Amino acid sequence: ELSFIKDVLPVETNIVIFELDGSFTVMDFVFKMFSQGIKVIPMGPQKVRMVTHLDFNDKMLEKVAKALRGL
């Protein structure tokens, strides 16, 4: 529901892939997230991949959500 996210692919596992709307480049997005301590993977001109792991908790989720809302 964020203005800069154009589309989110269906989520079936712990992998979330979404497409940016062009407000900034995928690498700008990657660097902005990295500056918040969050690693994301570019998957093309406007696609991003985020993966959680076994130890991912609510506190970590809130950190990611806050970083995304702050963009």
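Modeller: Some terms to begin with: helices (H or I, at least four residues) and strands (E, at least two) are DSSP runs numbered from the N terminus, and two strands pair if DSSP finds at least two bridges between them. This is a predicted model, where local features need pLDDT of at least 70 and side-chain atom pairs count only at pLDDT 80 or more, while totals for chains, interfaces and linings use all residues. Residues are numbered from 1 along each chain as its sequence is written, and side-chain values use heavy atoms, with hydrogens and water left out.

Biologist: OK, what joins β1 to β2?
Modeller: A hairpin does, through six residues; β1 (residues 5-8) and β2 run antiparallel with three bridges between them, and Val8 stands opposite Phe18 in β2.

Biologist: And what is the order of the strands in the sheet?
Modeller: The sheet is open, with four strands in the order β1-β2-β4-β3 and antiparallel pairing. β1 and β3 stand at the edges with a single partner strand each, so one side of each lacks a neighbour in the sheet. Between β2 and β4 there are five bridges in the antiparallel sense, and Val16 stands opposite Met50 in β4.

Biologist: Switching to α1, which of its residues are buried?
Modeller: In α1 (residues 26-34), Val26, Phe29, Val30 and Met33 are buried, where buried means under 20% relative accessible area, exposed over 50% and partly exposed in between, with a 1.4 Å probe and protein chains only. Seen down the axis of α1, its buried residues fall within an arc of 100° (taken from the directions from the helix axis to the C-beta atoms), so they line one face of the helix.

Biologist: What do they pack against?
Modeller: The buried residues of α1 pack against β2 (15-20), β3 (41-42), β4 (47-51) and α2 (58-69), with contact meaning heavy atoms within 4.5 Å.

Biologist: How many aromatic pairs does the search find?
Modeller: Four in the whole structure; rings of Phe, Tyr and Trp (its six-membered ring) pair if their centres lie within 6.5 Å, and planes under 30 degrees apart count as stacked, over 60 as edge-to-face and the rest as tilted. One of them is Phe18 with Phe29, edge-to-face at 5.7 Å centre to centre and 85° between the planes. Phe18 lies in β2 and Phe29 in α1, so this pair ties together parts that are 11 residues apart in sequence.

Biologist: And which residues do ring pairs link into a cluster?
Modeller: Phe4, Phe18, Phe24 and Phe29.
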